[in-house]
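Hi there,

Here is the structure I promised to pass on. Please have a look, and I'll go through what I found just below.

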Amino acid sequence: MATVNTTPGDLELGPRDKGRVGKPIELPILENFGLDSQIGPTFIGFWNLTAFITGGMFFFIWLVVMASQVGWNPIAFAKYFFVLQIDPPPAAFGLGWAPLELGGWWLISTFFLTVSIFAWLMHLYTRAVRLGLKPYLAYGFTGAIILYLVIYIIRPMWMGTWAEAPPHGLKALLDWTNNVSVRYGNFYYNPFHMLSIFFLLGSTVLLAMHAGTIWALEKYGAHEEWQEIQAPGTGTERAQLFWRWCMGFNANAYSIHLWAFWFAWLCGVTGAIGVFLSMPDFVNNWYQWGVEAGINYPDKLPPMLP
Amino acid sequence: MSKAKAKDPRFPDFSYTVEEGARATRVPGGRTIEELEPEYKIKGRTTFSALFKIDPFDFWVGPFYVGFWGLVSVLGIIFGSYFYIDATILRGPYSYPQNFFAGRIDPPPAEVGLALVGPGQPGFAWQMTVFFATLAFLGWLMRQVDISMKLRMGYHIAVAYGVVFSSWLTLQIIRPVLLGQWHEGFVLGIMPHLDWVSNFGYRYNNFFYNPFHAIGISGLFGSTWLLACHGSLILSAAQYRGPEGGDIENQFFRDTIIYSIGESGIHRLGFIFACGGVLSANLCILLSGWPVQDWVSFWNFWNTLPWWSGV
């Protein structure tokens, strides 16, 4: 843990960003807030470009189709921006092709969105490997990708119709979320939804605890986590003692980030399992499931307790 | 490591300065808790001793620091747990393991208003549990202040805990008091409180249309996303064996998304995201049933804004 070796291979990096193309922009005011002042230079590679072009195609199709729905009137577009949507093909089309106005645009835009997400995954992966880092950020991104794939691709394909996927639109996405909960008998009774919410709220708690601890200890250099992991100093020692004295046990500068990674990753993955199981093939009614599992009893009215 | 860069003198400085000698305390491989703890276990510097000069509660039990507020917190935990476990599990209607999930403590009926109910009356267990839980949370919050003072840290952890404590206060105290009845508080119990949340959302038509709910949920998802980005970056950088790990972290994020917020910045941003999301969630509860009865028709104002009335 405490060993520091020299730079591997031909990789040459450092504070001066040797060998990099382009000059950084400096915004010194950011330093006044404890933020890094350097913007760029950035890496333009195949996967980055692919992700931006396909992601741009998705947003272009989304916005243009929505604009056409209000007759290209910009004021109407602004007024109805939240409620405009592109619907997936109706169930009658199954998994087949549909005319553009009947879900074809949805198929095309979802294709571009999916390509964009995977190109971004490759961008994160290849950049980390090239810089001599483990690609853990890309691994973490898989948690969100699994949830996306289950909702937009895997579950609709398993059910045999794209109509099960959410439309593209802000209100439409909220409505889809609400309706899938009501259709499958109340998601509050879905144990994987419970786990996902647990990890969602748990991640927020962990972030507040970790970020608060480090912010409170900046004057001891606790935020220089790479150094503190190799050689803990007074900042990390205080952080550890705070939580030991407060709740009886503590993580360390390395293991708190393991907690962080797994909590955040599992939020997406447990959510994906919960959505995937919500279909007639598996669980048609989570409320019924909860009653059968013996976690709630609607047939017996609970007595009024003093 | 952040190099000392030029700050902009025209603006107030909310940055930090690493104390002289703090970095020199770093020990390769670190020290064990047994080695380092005696150095930091110093008497005094507590809220109680600041008021009364002496502090008879200034001691540790095992790993736990006690202090005056630890005593308050433990009393709240013991009595609150007694009322909760007694009403949901021990005297619940089903078997013990079933009561663990399905047992419930209902708030007092609406007729009670804001009165205190006596033993044996409906709502007594609820009021007792909520009172002692609030006491336990307050003690825990102040204990975090005590420990922060002892370790000469900032009070950020206590502030963050205060934010989540404010959610409890909003749901169980502030909103019921504003609406004039304890009946508005949420039902205690694992499945019953989920039912309560679900019913609360549909009682105001549809909580997905509540903009503060949307901001709150975005804050939670944003926090989870930031946590994943930060956690994975530090885990990967911990295995990096180049000359300077902080630089490779910044380099990676500049390469992928143009900007790296920096080692101190990510913790500041994360703190603000997590606390901001919860504060917005407080607002979405607080505004329901009092100024706003229906979050769907709430949006009528949007369609009747003057600048697009004719569209």
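Let me start with a question: is the crossing of helix 3 of chain B and helix 5 of chain B left-handed or right-handed? The crossing of these two helices is left-handed. Please keep in mind that this is a predicted model.

Some more on that pair. Helix 3 of chain B covers residues 67-90 and helix 5 of chain B covers residues 124-150. Their axes lie 7 Å apart, and the helices pack at an angle of about 155°. An angle over 145 counts as roughly antiparallel, so helix 3 and helix 5 of chain B are roughly antiparallel to each other. In the contact between helix 3 and helix 5 of chain B, 16 residues are nonpolar, seven are polar and two are charged.

Now to where the chains meet. On the chain A side, 105 residues are in contact with 113 residues of chain B. Several helices of chain A give two or more residues to this side, among them helix 3 (104-130), helix 4 (136-159), helix 6 (191-216) and helix 9 (255-276). Helix 6 of chain A gives the most, with 14 residues. Sorted by class, the side of chain A that touches chain B has 61 nonpolar, 31 polar and 13 charged residues.

Finally, the confidence scores. The model has an ipTM of 0.96 and a pTM of 0.94. For chain B, the mean pLDDT is 95, with 98% of its residues at 70 or more. Where pLDDT is low, the predicted coordinates should not be read in detail.

Enjoy exploring!

Best wishes

Conventions
Residues numbered from 1 in each chain as written. Chains lettered and ligands numbered in written order. Predicted model: local features only at pLDDT ≥ 70, side-chain atom pairs only at ≥ 80, totals over all residues. Axes fitted to C-alpha atoms, helices over the stretch in contact; angles between N-to-C directions. Helix = DSSP H or I, 4+ residues; strand = E, 2+ residues; numbered from the N terminus. Parallel < 35°, antiparallel > 145°, perpendicular 65-115°, else oblique. Left-handed = near helix turned anticlockwise from the far one by under 90°. Nonpolar A, V, L, I, M, F, W, Y, C, P; charged D, E, K, R; others polar. Contact = placed C-beta atoms within 7 Å. pLDDT = per-residue confidence, 0-100.
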